[in-house]
Amino acid sequence: MEATVTHADTEGKVWSGGNKPLNASYGKMMMWFFIVSDALTFSGFLAAYGFSRFKFMNTWPIADEVFTHFPFMHGHKLPMYYVALMTFILIMSSVTMVLAVDAGHKLKQTRVAWYMFATIVGGLAFVGSQAWEWSTFIRGEYGAVETTGGSILQFVNAKTGEQVALSEFVHAEAAETEEPGDLWFLSQNSQADYTVAEVQEAFEADANVLVRLQDLDENGKKTILNRAESIEKLEGAKYIVQGANLHRNEYGSKLFADFFFFITGFHGFHVFSGVVLNIIIFTNVIVGTYEKRKSYEMVEKVGLYWHFVDLVWVFVFTFFYLV
Amino acid sequence: MGHDTHKLEIFRGTVKFKSNVQKIWGVLIFLSIVTTVEVVLGIYKPDFLMSSKVFGMRLLNWIFIILTIVKAYYIAWDFMHLRDEKPSFKYSLVIPLVILIPYLAFILLTEGDYIFEVYQNGFIKWDF
């Protein structure tokens with residue numbers, strides 16, 4: 001680029017060409033413009049999530065009740081800790097990335113390589129955590145029933161108000177699960193452990209279980225029906241829902257799982273491509289490409305992308321897990 | 001590139017770091033504190049923050065959103081070193097986002113709330 005520019009009489013005149021009016025190189029500026037457009041894409045998704053959530057404000061799942069798991073701590077209710085850990089992993093890998101950029105400015109090849117390596121490890125740790133989060137979410141914990149009208153009925157203990165898993169009160173033999181063929185996702189019900197009739201029968205026999213609706217009562221808690229109402233409501237049951245997929249999920253509103261898969265999935269894909277880019281640049285650092293060039297600006301550019309991924313996660317974290 | 005001219009002050013000059021590396025660690029500590037505050041508030045959900053509403057939204061949710069924007073600011077300004085860029089460059093990137101995102105959010109959330117009202121109170125169930 002430099003060679004094509006005449007420096008003669010334009011030097012110092014910012015907007016007449018000849019120097020960089022914004023003091024940023026072409027590559028860096030394009031990375032920034034990509035980030036701006038990608039930021040708008042993510043805001044579109046998050047705003048769509050907000051739209052659907054406002055539409056079903058009164059029946060939306062409460063995140064604290066959905067994401068309560070932590071690896072190796074089965075049976076404990078630990079809301080938020082796991083995502084907090086994921087957030088910390090990502091911020092930490094962002095820090096090693098800035099340190100790599102900083103070492104790059106000082107042309108310290110080995111330091112850049114080590115910091116880049118740490119960033120890649122952090123990125124992989126994050127993607128791995130997300131895979132675990134997804135599999136827990138997909139498997140589900142309690143199981144629920146869907147009515148003909150499409151609402152999800154969950155079961156709670158009449159005394160404590162805590163959620164009860166289907167397996168705790170349905171004592172029918174868990175149905176022989178059919179061999180799930182290649183197209184198992186087309187027939188949702190072949191995956192359920194029990195039939196609707198078994199659940200209804202077991203529910204009538206066990207006076208200790210009540211039905212919980214998705215609707216919030218005046219205290220902002222999910223409404224719990226009394227025995228008679230529960231039995232009546234359960235007559236409208238149509239499906240047994242265990243875990244989550246794109247059609248229905250045991251946590252409540254169908255759109256909740258759809259947006260969860262779509263937005264965290266899209267973000268996870270960004271992290272994954274970030275890791276791939278980081279590996280490419282890491283290799284270049286090791287073979288000395290930038291050392292020869294006497295400029296580590298490529299590290300800075302992938303760094304920008306990497307921080308952007310962190311930035312998006314900060315928002316996803318707020319809107320999916322906190323608000 | 002002017003890379004030796006890092007601006008080393010944060011919080012409007014109240015905290016000044018000796019080197020860029022120190023600033024990075026300082027920002028990390030700040031971001032970790034903010035995240036911890038968010039997680040603690042998210043787990044305990046204090047009653048008075050849940051019950052008081054500002055512009056139709058719980059005070060707690062406003063706190064979360066403001067803390068998120070604070071975090072986003074420090075990530076963009078210090079990790080993505082926007083602080084060191086020329087103001088013209090910095091604002092040509094940030095201002096479109098600051099205008100368009102709240103605009104989109106406002107429109108979609110208003111519409112979502114309208115549909116909620118129709119479901120809740122409307123006589124017409126589907127035709128709207």
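Q: Is F320(A) buried or exposed?
A: Buried means under 20% relative accessible area, exposed over 50%, and partly exposed in between (1.4 Å probe, protein chains only). F320(A) has a relative accessible area of 1%, so F320(A) is buried. The model is predicted: local features need pLDDT of at least 70, side-chain atom pairs count only at pLDDT 80 or more, and totals for chains, interfaces and linings use all residues. Residues are numbered from 1 along each chain as its sequence is written, chains are lettered from A and ligands numbered from 1 in the order in which they are written, and side-chain values use heavy atoms, with hydrogens and water left out.

Q: In which helix does F320(A) lie?
A: Helices (H or I, at least four residues) and strands (E, at least two) are DSSP runs numbered from the N terminus. F320(A) belongs to helix α10, residues 297–322 of chain A. Chain A has 10 helices and five strands.

Q: Which residues does F320(A) touch?
A: A contact means heavy atoms within 4.5 Å. Leaving aside residues up to four places away in sequence, F320(A) touches L46(A), Y49(A), A63(A), F67(A), F259(A), F260(A) and I263(A). From F320(A) to L46(A) the separation is 274 residues in sequence and 9.3 Å in space, C-alpha to C-alpha.

Q: How is a pair of aromatic rings described?
A: Two quantities are used: the distance of the centres and the angle of the planes. Rings of Phe, Tyr and Trp (its six-membered ring) pair if their centres lie within 6.5 Å; planes under 30 degrees apart count as stacked, over 60 as edge-to-face and the rest as tilted. Over all chains, the structure holds 39 aromatic pairs. One of them is the tilted pair of Y49(A) and F320(A), 4.3 Å centre to centre with 35° between the planes. This pair links distant parts of the chain, 271 residues apart: Y49(A) is in helix α1 (residues 26–55) and F320(A) in helix α10. Y49(A) counts as buried, at 3% relative accessibility.

Q: How far apart are the ring centres of F67(A) and F256(A)?
A: Their centres are 6.3 Å apart and their planes lie at 50°, so the pair is tilted. F67(A) sits in the loop between α2 (63–66) and α3 (81–105), and F256(A) in helix α8 (residues 254–287), 189 residues apart. F67(A) is buried at 9% relative accessibility, and F256(A) is buried at 1%.

Q: What percentage of chain A is buried?
A: Of the 323 residues in chain A, 49% are buried.
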